[in-house]
Amino acid sequence: MDSKFKWLDFKVTNRCNNRCIYCGVIQDAPCTPEKVNGDSIKETIRDAVGAGFSHFAFLGGEPSIRVDLPECLETLATAKSVESAMVITNMLEFNESLYRAIFASAARHAQVVASIDNLSAPNYKHQDPVLTQQRIGAIASIANEYKYLGKREVHVHSVISRENLGGIIDHVSHFSGRQIDVSLALVEPFAIRSNARAFNEFSPAEIDGIVAQLDELERRGMLNWANKVLRRYIVEYRSIGASLRSECTAGHDHVVIESDGNVYPCLTESYRKGLRYGNIASERFGDIYRRMQGFRCESPFQQTCWDHYLWTKLDRLVGGHDDV
């Protein structure tokens, strides 16, 4: 029986208008031609809906600078089987047509996810916190116009690094007071070291401090489901080993499409340019996805497995097994 939860992580561009300090990905300049055309993106969305995909995340690069993306997302306007659709953006450009396109989709839950880690400046993402929050407020107003279609909202995603590891409670509380949910993740790749100094290094005591802040958020009634998963992930990280391998549904219930059109079963394979099953620029996604059903993870747990750890928990939640 097919899962009720299928997640497509779709990197619609590799172009970016920023260079975050901790970004380990080589992004293309904004003037670079796209590697996959809009028709292939629209066809892939239709195929994915037909294959039972119920959750869509559109990211990059920076998706707000892809001019034809709003038109591509119109493909979701009649996809009534879709549970959620989101666009993840760094907020350096305000693209109202993009926000309206995702909110106008038939998805029961549509989000614009603002990636903002710190309300101070300067910061690792080179963002103006005041301007970013103004834009978040404007998007929230646009979302209000579409609430007749379902749940419509702006959401904040924040990466925990040395820049903000002591301010998690204040950060979540700030947005919670504005009725904006915040999901958290550890910066990747991260390292646990006694003499932590770099942006992605944490001492054991600092890791304990992060968990303590998540515990305090729970006491205050502000620890959402995703951040409960993060807390469990942090606690289990050192011993997780092969335990995820038997549970992970990557390649079946979650699939990654890179900006060059290559289709991978998981983020680990996509980052290392490993096992790929085809390319949407030359082949239908439906045909590629059918071949992926034979995929079985044979790799040890890696930090890039974090998203699949979360998605697998979501898979179990949809199936009625909330084990967080």
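Contact here means heavy atoms within 4.5 Å. The model shown in every view is predicted.

**View A. Ser-203 sits in the loop between β8 and α6.** The strand β8 covers residues 201-202. Ser-203 counts as buried, at 12% relative accessibility. Neighbours within four places in sequence are left aside in the contact list. Beyond them, Ser-203 touches Ile-192, Arg-193, Ser-194 and Ala-196.

**View B. Helices α5 and α6 pack at an angle of about 35°.** Helix α5 spans residues 168-176, and helix α6 spans residues 204-219. Their axes are 9 Å apart. The crossing of α5 past α6 is right-handed. From α5, the residues in contact are Ile-168, Ile-169 and Val-172. They meet Ile-210, Gln-213, Glu-216 and Leu-217 of α6. By class, this contact has five nonpolar residues, one polar and one charged. Residues three or four places apart in an α-helix point the same way, because there are 3.6 residues a turn.

**View C. Helix α3 has buried residues under cover from strands and helices.** The helix runs over residues 96-103. Leu-98, Tyr-99, Ala-101, Ile-102 and Phe-103 are buried in α3. Their cover includes the strands β2 (55-59), β3 (84-89), β4 (109-115) and β5 (151-160). Helices α2 (69-73) and α4 (129-145) also contribute to that cover.

**View D. Phe-94 and Tyr-99 form an edge-to-face aromatic pair.** The structure holds 16 aromatic pairs. In the pair of Phe-94 with Tyr-99, the rings are 5.2 Å apart, centre to centre. Their planes stand at 75°. Phe-94 is partly exposed, with a relative accessible area of 31%. Tyr-99 is buried, at 0%.

**View E. Phe-5, Trp-7 and Trp-311 make up an aromatic cluster.** Ring pairs link these three residues.

View F. A disulfide is a covalent bond between the sulfur atoms of two cysteines. Cys-31 is exposed, at 71% relative accessibility.

Terms used:
Residues numbered from 1 in each chain as written. Predicted model: local features only at pLDDT ≥ 70, side-chain atom pairs only at ≥ 80, totals over all residues. Heavy atoms only, no water. Axes fitted to C-alpha atoms, helices over the stretch in contact; angles between N-to-C directions. Helix = DSSP H or I, 4+ residues; strand = E, 2+ residues; numbered from the N terminus. Left-handed = near helix turned anticlockwise from the far one by under 90°. Nonpolar A, V, L, I, M, F, W, Y, C, P; charged D, E, K, R; others polar. Buried < 20%, exposed > 50% of the residue type's maximum accessible area, 1.4 Å probe, protein only. Phe/Tyr/Trp six-rings, centres within 6.5 Å; stacked < 30°, edge-to-face > 60°.
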